[in-house]
Amino acid sequence: MTRYRHRYFFFGLLLVLLGVQFRMVDSFVLNESTTRTLARFSETTTANNSPTLDSILLRVHPKPMKRVQPPRWLGLSMIACGAVITLHAFAMPKEN
């Protein structure tokens, strides 16, 4: 089990850095292909599925992109879990 000490440290550090990132941003805007994939998996439908109307409207307006707003507690919990995992890596015995 001691040979995984560096993996625990790296995973904990990664969680801390991701938590800081989530605390600093208010929202993420997904690109067009990710928005389309997310809509396909969540099975949300558009109001009108007419291809002619869509092609006319898309010339005038850009394609919609989804905005994701993570909750405020998510970043803080990621920082806390990452700190615990990183400290656990320091507490593990060193490999000889």
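The legends below describe close-up views of a predicted model.

**Figure 1. Overall make-up of the chain.**
The secondary structure of this predicted chain consists of four helices and two strands. Their order along the sequence is α-β-α-α-β-α. The chain has 96 residues, and 11% of them are buried.

**Figure 2. Packing of helices α1 and α4.**
Two packed helices are described by the angle between their axes and the distance between the axes. Here the axes of α1 and α4 come within 7 Å and cross at roughly 160°. Angles over 145 degrees count as roughly antiparallel, so α1 and α4 are roughly antiparallel to each other. The crossing in which α1 passes α4 is left-handed.

Two pairs are shown, with spacing given from C-alpha to C-alpha. Isoleucine 85 is part of helix α4. In space, isoleucine 85 and phenylalanine 10 are 9.1 Å apart, although 75 residues separate them in sequence. Isoleucine 85 counts as partly exposed because its relative accessible area is 21%, while the buried class is limited to values under 20%. Valine 20 belongs to helix α1.

**Figure 3**
Phe9, Leu13, Leu17, Leu87 and Phe90 make a nonpolar surface patch of about 500 Å². Helix α1 provides the largest share, three residues. Which helix holds leucine 87? Leucine 87 is found in helix α4. Leucine 87 has a relative accessible area of 57%, so this residue is exposed; the class begins over 50%.

How many salt bridges does a search of the whole structure find? The search finds one. The salt bridge joins glutamate 32 and arginine 36, whose closest N and O atoms are 2.3 Å apart. Both glutamate 32 and arginine 36 lie in helix α2, which runs over residues 32–42. The spacing of glutamate 32 and arginine 36 is four residues, about one turn of the helix. Glutamate 32 has a relative accessible area of 31% and is therefore partly exposed. Arginine 36 is also partly exposed, because its relative accessible area is 47% and the exposed class requires over 50%.

Phenylalanine 28 lies in strand β1, which spans residues 28–29. The C-alpha atoms of phenylalanine 28 and proline 70 are separated by 8.2 Å. Along the chain, phenylalanine 28 and proline 70 are 42 residues apart. Is phenylalanine 28 buried or partly exposed? The relative accessibility of phenylalanine 28 is 27%, so this residue counts as partly exposed.

Conventions:
Residues numbered from 1 in each chain as written. Predicted model: local features only at pLDDT ≥ 70, side-chain atom pairs only at ≥ 80, totals over all residues. Heavy atoms only, no water. Patch = residues over 30% accessible without salt bridge, like charges linked within 9 Å, V, L, I, M, F, W, Y side chains within 5 Å. Areas by Shrake-Rupley, 256 points an atom, 1.4 Å probe, with all protein chains shown as cover. Salt bridge = Lys/Arg side-chain N within 4 Å of Asp/Glu carboxyl O. Buried < 20%, exposed > 50% of the residue type's maximum accessible area, 1.4 Å probe, protein only. Axes fitted to C-alpha atoms, helices over the stretch in contact; angles between N-to-C directions. Parallel < 35°, antiparallel > 145°, perpendicular 65-115°, else oblique. Left-handed = near helix turned anticlockwise from the far one by under 90°.
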